[in-house]
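Colleague: I'm new to this one. Can you walk me through it?

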Amino acid sequence: MSETLPTLLDIEASGFGRGSYPIEVGIARSDGSCCAFLIQPLDEWTHWDPKAELLHGISRDRLEREGYPVRQVALWINDELRAQGKAYSDSWGYDNTWLSLLFHHAGIIPGFRLEALRILLSEGQLAMWSDTKEAIIAEQGIQRHRAGDDARLLQLTFERTRRLMGGRAS
């Protein structure tokens, strides 16, 4: 019998710092399935960092063509996360800021909390986190810097480090 996995949320953005905004949200659900949505930038969201685009490989043009409206993405995230009441992020400071921006512009109140993944990890898990994550990337050929894949990678890393610690989550 396996323990339930935490729900992980990851956000890709137009860059870092002032003026950046979310461009993709991904969720790895507690059952291990995942999903992600590209976000259509609002007209006032103009910051674009070419270095960030090199990492995630998503062009602003693609977002305008294939992205979903801000309000639709916020509604979808609420639908996904309301029942659990929370999701976890490994970059809480950035992800929480971008999530707040998304919900603010959607005019919707989040029906869940975003918490730092760190609070679920034991010192032992933290000590082996980076090496374990790199091993999983190598084994599974995970595409980095795409929100859904990154959320699932975090979840797989959590699961393996917990198992290596003998099942003790924290």
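Modeller: Start with a term: buried means under 20% relative accessible area, exposed over 50%, and partly exposed in between, with a 1.4 Å probe and protein chains only. This is a predicted model, where local features need pLDDT of at least 70, side-chain atom pairs count only at pLDDT 80 or more, and totals for chains, interfaces and linings use all residues. Residues are numbered from 1 along each chain as its sequence is written, and side-chain values use heavy atoms, leaving out hydrogens and water.

Colleague: OK. Is Trp98 buried or exposed?

Modeller: Trp98 counts as buried because its relative accessibility is 5%. Tyr94 is at 42%, so Tyr94 counts as partly exposed.

Colleague: How do the rings of Tyr94 and Trp98 pair?

Modeller: They are stacked, 5.4 Å centre to centre with 20 degrees between the planes. Rings of Phe, Tyr and Trp (its six-membered ring) pair if their centres lie within 6.5 Å; planes under 30 degrees apart count as stacked, over 60 as edge-to-face and the rest as tilted. Both residues lie in helix H4, four residues apart. Helices (H or I, at least four residues) and strands (E, at least two) are DSSP runs, numbered from the N terminus.

Colleague: Which residues make up the ring cluster with Tyr94?

Modeller: Ring pairs link Phe16, Tyr94 and Trp98.

Colleague: New topic. How many residues of H6 are buried?

Modeller: 13 of its 18. Helix H6 covers residues 147-164. Just after H6, Gly166 has a positive phi of about 85 degrees.

Definitions and conventions:
Expected span 1.5 Å × (residues − 1).
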